[in-house]
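Thanks for passing this one along. Below are my notes, as numbered points to read with the model open beside you.

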2 protein chains.
Amino acid sequence: MVSDLRRRLEEDAPLSGDIIRVDTFLNHQLDTRLIAQIGGALAKAFRGKKVTKVLTSESSGIPIACFTAHELGVPAVYAKRFMTGYMDSDVYAAEVHSFSLEKSFTLRVSKRCLDRNDVVLLVDDILSNGQDVLGLLEIVAKAGAEAAGVGVAIEKANKDGGRVLRQMGIPLYSVVTVEVEDGELRFL
Amino acid sequence: MVSDLRRRLEEDAPLSGDIIRVDTFLNHQLDTRLIAQIGGALAKAFRGKKVTKVLTSESSGIPIACFTAHELGVPAVYAKRFMTGYMDSDVYAAEVHSFSLEKSFTLRVSKRCLDRNDVVLLVDDILSNGQDVLGLLEIVAKAGAEAAGVGVAIEKANKDGGRVLRQMGIPLYSVVTVEVEDGELRFL
C-alpha cells in the first residue's frame, strides 16, 4: 500500500522547483484505486478514535476525504474555499494563506455540518506548510468539536507543517514522507 | 437506490428560490454511502460503453466522479476551475458561464490526462442549465476523444440542460429528475 503510492511518486511525479507534480494520479487526474487505498490506510490509522466526521478543504483533499469517510462509515465535509453555488450564511470560518499562490483564502464550514459532539479527522493530499490544516483545526475548535488527528497522503518533511502539528500534540499520520533536495525526491 | 436519493431530497433539501440546497449530503457535507450508490448507478448505466475516463469539473462533481470511476475501474479527471497549486500549462480549455454566480470561468484539463483514445463519461451532481457539461463536452472534443454520455445525480427539468443534451443526441442518465414549482420540489 505505502509501496503503491511510493512507486507512483517515483514514476509519475516530476518536480517543478520544490512542487511535487501529482496531477496525473492524486489531484487532477485521480487514480481512484490508489486513493481508496490511501483512504483505507488513514481510516485504519484513526479507527480507534471514534471519528464522527472527516474534514478537508476544497478541492484537492476531496477525493481522499471521500474514500476515508466511506471506509469509516461517517460523513465527509469539505470546507469551501471558493464561492460556488449555494453556501449557508451561518458558518465557521478561518483565514488561510497560500505561500505558493501568495494569496489568502477564507475556509468556511456550515454550522449545520459540525458541532460540539463531533470527533473530526482532518485529511489532505499533501502536507506542506500546513496552513490549510491549521485553518481547519481553527474551524474544529470554533465548533467546539474535538480533533482526532490529521492524516495525509504525502508529508513534505522540508516544510514546517508536520513539525508544527507534532509540536502542538496533534496526532499526525502520513502515508509517505518525502524531502525535496537538489531537485530530487527522497523518501524518509 | 433512486429512493434513497429521493428520500434525502424530500427530507434534507430546503429550497432557496429555485436553488435546491443539497449541502448537507451532496456538495459540502458528503453522505459517502449515498454518493457511492449514485456512482454505482451511473457506472451501471454506462457500463456497456467501454468508458476509459470519468470527467467532471471542480468542485462539486468530484465526489460523484470518484465513486463512479472507482466502480468502473478507470481514472477520474476533474477539470480545474480555480488556480490552486500546480497546473500544467499545456491544457484543453473551455469558457463556461455560471448563471447563478453571474460570472465566467475557464475549465482546464491537462493534455496529459485526455487523448483521442479516450471514451469519456461526464458526471456532475446537479444538471441545471448545463453550462459546465457543455464546457466539458467541448474539452472532450478538443482532445479528439469520444463522449460516452452524461450522468448526473439530479436533473432540474425546468432548466434547459437536459433538453439541450438530448437534442444534441448525447446519452443522458439522471438518477432523479425534479422540477421546482411554486416553492415546491416535484419528482418527475
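1. Let's start with how the two chains relate, bearing in mind that this is a predicted model.

2. Next, the surface they share. Of the interface residues of chain B, 100% are also interface residues in chain A, so the copies meet through the same surface. Chain B gives 42 residues to the contact and chain A gives 42 residues. Between them the chains bury about 3,600 Å², and 62% of that is on carbon and sulfur atoms.

3. For the polar side of the interface, 17 residue pairs are in polar contact across chain B and chain A, counting pairs with both residues at pLDDT 80 or more. Strand 3 (29–30), helix 2 (32–45), helix 3 (62–72), strand 5 (76–79) and strand 7 (103–110) of chain B each supply at least two residues of the side that touches chain A. Helix 3 of chain B gives the largest share of that side, six residues. The count of salt bridges between chain B and chain A is two. One to look at is B:Arg112 with A:Asp23, where the closest N and O atoms are 3.1 Å apart.

4. Helix 3 is worth a look in chain A too. How many of the eleven residues of helix 3 (residues 62–72) of chain A are buried? Nine are, and the helix is mostly covered. Among them are A:Ile62, A:Ile64, A:Cys66, A:Phe67 and A:Leu72. Just after this helix, A:Gly73 takes a positive phi of about 75 degrees.

5. Helix 4 (residues 131–142) of chain B has twelve residues, and from its first C-alpha to its last it reaches 17 Å, close to the 16 Å expected at 1.5 Å a residue. Its buried residues are B:Val133, B:Gly135, B:Leu136, B:Leu137, B:Ile139 and B:Val140. An α-helix has 3.6 residues a turn, so residues three or four places apart point the same way. Just after helix 4 of chain B, B:Gly144 takes a positive phi of about 75 degrees.

6. Over all chains, the salt bridges come to 32. In one of them, A:Asp4 pairs with A:Arg33, with the closest N and O atoms 3.7 Å apart. A:Asp4 lies in helix 1 (residues 2–12) of chain A and A:Arg33 in helix 2 (residues 32–45) of chain A, so this pair ties together parts that are 29 residues apart in sequence. A:Asp4 counts as buried at 14% relative accessibility, while A:Arg33 is partly exposed at 47%. Together with A:Arg7, A:Asp4 and A:Arg33 are linked in a network of salt bridges.

7. In chain B, B:Lys159 forms a salt bridge with B:Asp18, the closest N and O atoms being 2.9 Å apart. The pair links distant parts of the chain, 141 residues apart: B:Lys159 is in the loop between strand 9 (146–156) and helix 5 (161–167), and B:Asp18 in the loop between strand 1 (15–16) and strand 2 (19–20). B:Lys159 is partly exposed, with a relative accessible area of 22%, and B:Asp18 counts as partly exposed at 35%.

8. Finally, the side chains of B:Arg166 and B:Glu155 meet in a salt bridge at 3.0 Å, N to O. B:Arg166 sits in helix 5 of chain B and B:Glu155 in strand 9 of chain B, eleven residues apart.

Note on methods:
Residues numbered from 1 in each chain as written. Chains lettered and ligands numbered in written order. Predicted model: local features only at pLDDT ≥ 70, side-chain atom pairs only at ≥ 80, totals over all residues. Heavy atoms only, no water. Contact = heavy atoms within 4.5 Å. Helix = DSSP H or I, 4+ residues; strand = E, 2+ residues; numbered from the N terminus. Expected span 1.5 Å × (residues − 1). Buried < 20%, exposed > 50% of the residue type's maximum accessible area, 1.4 Å probe, protein only. Buried area = accessible area lost by both parts, 1.4 Å probe. Salt bridge = Lys/Arg side-chain N within 4 Å of Asp/Glu carboxyl O. Polar contact = N/O pair within 3.5 Å; in protein donor to acceptor, adjacent residues only side chain to side chain.
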